[in-house]
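Dear colleague,

I am handing over a structure for you to look through. Please open it first, and then read the notes below it.

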Amino acid sequence: MRDPRVEKLADLLSGYSLGLRDGQVFRIDGEESTLPLVTALYRSGLQRGALPYLQVRPTGLEEILLHEGSEEQLSHISEGETLQSEQLDAWATIWSSANTRALTRVDPERRRIHLAAHYRMVNRRWERISAGELAWCGTLFPTQAHAQDAEMSLADYEDFVFGACHVNDDEDPIEHWEALSAELTARARELDGARELRIVGPDTDLRIRVEGRPWIPSDGRHNMPDGEIFTSPVETGTEGEIYFAFPSIFQGQEVEDVRLRFRDGRVVHAEASTGEDYLRALIATDEGAAVLGEVAFGLNYEIDRFTRDILFDEKIGGTMHVALGGGFDEAGTQNKSDLHWDLICDLRQEGEVYADGELVWKAGSFIAEPAAQRV
Amino acid sequence: MSERLAKLADVLVGYSTAVRPGDTVRIEGHSPTTPLQRELYRSTLRAGGHPAATLVVDETVESLLEEGGDEQIDFVPLDIRWNLEHGDVWIALDGPENTKHLSGVDPAKMARRVKAREPYQQRYLERFDSGEFRWVLCGYPTQASAQDAGMSLGEFEELLWRAAFLDADDPVAAWREFGEELERVGSMLDTVKELRVVGEDTDLTLGVAGRSWKRSSGKNNLPDGEIFTGPVESSLEGTIRFTFPASIRGRQAEGVQLRFEGGEVVEATARRGEDFLQEMIAMDDGARRAGEFAFGLNPAVTEYTGSLLLDEKIGGTVHLALGRSVPGTGGENLSALHWDMVCDLRRGGEVYADGELVYRDGAFLDGAG
C-alpha cells in the first residue's frame, strides 16, 4: 500500500528541493530498500515534465567490492558514470541501507581508497551545483535498519522521518520549507556580521573565527529533512576545547565521548572513551583533517533525538556541530581534506553561544528572532 | 541454490560474455534476481572487470507509459545509452515479478517507446556483430514465470536449470559439446537456398540463400539452443500459424496466424489480442517483414512455459520474428520491432530444404543434407 507521506515527500523533493522543470534530465539513485520512494519520485518527476530515470543498486554489492576488489577496481569510476554526472540537470540521492553496519569489518585502507574515488565524484557534483548547472538533493527512506539504529520501531521511525520532513497529512510541506528558508536566510545574514563565535557548554569552551565567511542556510534544497545554517571557519582561528556528548559516527563506526583541544586552528589533543584509535586515525587522514571545515547550528526542532544518522543528527534543534576536514567553497574555505566528519555538540540543556562577545543563543535556541524578521 | 547461482554466474561471466580485465560490465534485472546479481558482481570482479549492477523497476515503465508525454517516452536514459554505445559487456537477467504488468497500457505508447530505442538497439547489435560488445540475456526463476508456466517455483527452477545445463558437472563443457551438435545442423543449412515449413494450418516457404545461420549455444541467451538466420526479406510466401501465445513487453496475442506475400504480412489474425498484433506490425515498414527464422533445438526444453527465452528453444519447434534482423545473419530488415513467435512441429510437422525432406516431427532426419 502506498503511504501518502511518501508521495508527499516525493512531491516536495521534485517541486521544492529540485524545482524540476520540463525536459530536465533527472536521475534518481538509491538502494533496493528505497524503492517505494524511488518510484514515487519517478512519477512526481514525470508529472513535472522532467525526464527521470533510475539507478537502483541491489543490496550488498559494496561489501563484495570492498572485500574482494583489486585496488584498481576499488578506485574505478566508469566513463559512463562521469559522463552522466556532467550531463544531468537534476539528481536525487536516496540514502538507506538494509544493514547500516555491513561495511564495519572492511579493511580501513581499502575503504579509504574506495571513498577517495567516490569523493572525487561528489566534489565534481558540488562544483556543478555551485555553478547552478545541477540541482541535487539527498534524502533518506526509512527502513528497519535505520529504525534499529535509532532504537525505534519502524512505524515510530517513519513518523519521526516524515515529521522531520513536514510531510504529514495535515501539512503543506512546500509552504513550511519556504517559510523556514526565509527565516534561516535572515539568520544567516545576521551571523555574516560576526567575527568570532564562542561556544560554551558542558566541558566546552571553544572560540571559532568566522570573520569574512558567509553563512549558508540549509533550507531543504540539498538535504531533506534539513534545517541548519553553516559556514566554514577561518582555518587558523579555532581555539579551546569541545566535548561531544553524542556518539560520533564515521562510516558506521562509533567513537564515544570525543574531546578535542584546538590551538591555532588545529586539533592538538583528541581523546574518546571508546574508539580513540579510530578517532586519531581519522584526524591523521591528511593535513586538512585536523582543521575545521564547518561550524553549524542545528535548527530542525522536529528532530529531537539522536538517531545515529548524520542527515538527522546534525539538524537536531538546539545542537551545534563542527566538521573536521574539508570545508565548503561557497563558505570561503581554504581547507582541503578527504575527510568531512561531522561531530555534534548538544547545547540544549545548558549551552550558550556568544557572537563577538554578545550572548545570542541559550539552552538550544537563538535568543531573538533574526533581525530581518523582527520588523 | 546459492551454489547453483555461483555456478550460473561463472558460466555467464566466464563463458557467455568472456569478461576480460578492464571490461565494464553492466548487470541488470528485476528485484527477484538480486541474489544472482551479487554472484555476477563477484564473478566479474574475479575476472578483473568493472561491474555495475542496477535494478529494472517495472513500476516506472508503467508510470511512464500511463502518464508520460511523447518527449518523456522517447527519452533513453543516459546510462543505457552509454552502455549500448560504449560499454563492453551487458548481462541482463529476466526475472519478472508480474509478466502482465503492461496489460493496461496503450499499445501505441508502447510502440513509441520501442521505436525511440531503435537507433541504440541497432548500434549495439552492430557493435556486437563486430565483437566490440558482448551481451547475454539469462532467465531467472520467479513466482511470476512459474505461474505462467502453470507450476510451482521449485518446479520451474528445476526446469530452468536443466535447460541451462547447470545440472552438468561442467556446464561450460556441456555447452561447448552442444555447440558441436549445432555445428552439424548449421553446416547442412548453410548450403540450403529455400526452406518450406509444413504443419497444422502452416505452409510457408522462405529463401535463405546467401544468409548465415547462427549457432546459438549459450553465448547470448541462457538457456539457449537454437540456430537462426535472417530470411531473404522479399521471399516469404504462404501461411504460418503459431502454436503458442506470442508475447512481447508484457502483452500477448494468442492463436496468431500470418499470411505472407512477397515477404510482407498481408493478413494477420489472432484469436485474442488481435488489436495489439495489428498495432505492433503497423509500427514501421519493417515490422511487416520477417527478420529471423530459427529452429529450437534444446532437448531439455520440452514444454511451453510462456517464457519466450525458453519457448523459442523448445527442441522440435521453429520460430519466426517479425521486425528487425540480427546483424551478422545477412538479414537486412530494419524495424523497431523484433517479435518472436513459436510454431510447434513435433506432431506431424515437416521441413523441406530445396525440396528434400530434412526434418520431421520436430527433429532433423539422420543424414539430412
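This is a predicted model: local features need pLDDT of at least 70, side-chain atom pairs count only at pLDDT 80 or more; totals for chains, interfaces and linings use all residues.

Within chain B, the domain assignment gives domain 1 (2–140) and domain 2 (172–364). The C-alpha centres of these two domains of chain B are 24 Å apart. Where they touch, domain 1 of chain B contributes 26 residues and domain 2 of chain B contributes 24 residues. On the domain 1 side of this contact, the elements of chain B that provide two or more residues are α1 (2–16), α6 (107–116), α7 (118–129) and β4 (134–139). Of these, α6(B) gives the most, namely six residues. By residue type, the domain 1 side consists of 14 nonpolar, six polar and six charged residues.

Chain B also meets chain A: 29 residues of chain B are in contact with 31 residues of chain A. On the chain B side, at least two residues each come from α2 (34–46), β2 (50–56), α3 (58–67), α4 (70–74) and α5 (78–86) of chain B. Here the largest share belongs to α2(B), with six residues. The side of chain B that touches chain A divides into 11 nonpolar, 12 polar and six charged residues.

With kind regards

Methods
Residues are numbered from 1 along each chain as its sequence is written. Chains are lettered from A and ligands numbered from 1 in the order in which they are written. Domain bounds come from an automatic or database domain assignment. Two residues are in contact if their C-beta atoms, placed from the backbone, lie within 7 Å. Helices (H or I, at least four residues) and strands (E, at least two) are DSSP runs, numbered from the N terminus. Ala, Val, Leu, Ile, Met, Phe, Trp, Tyr, Cys and Pro count as nonpolar, Asp, Glu, Lys and Arg as charged, and the others, Gly among them, as polar.
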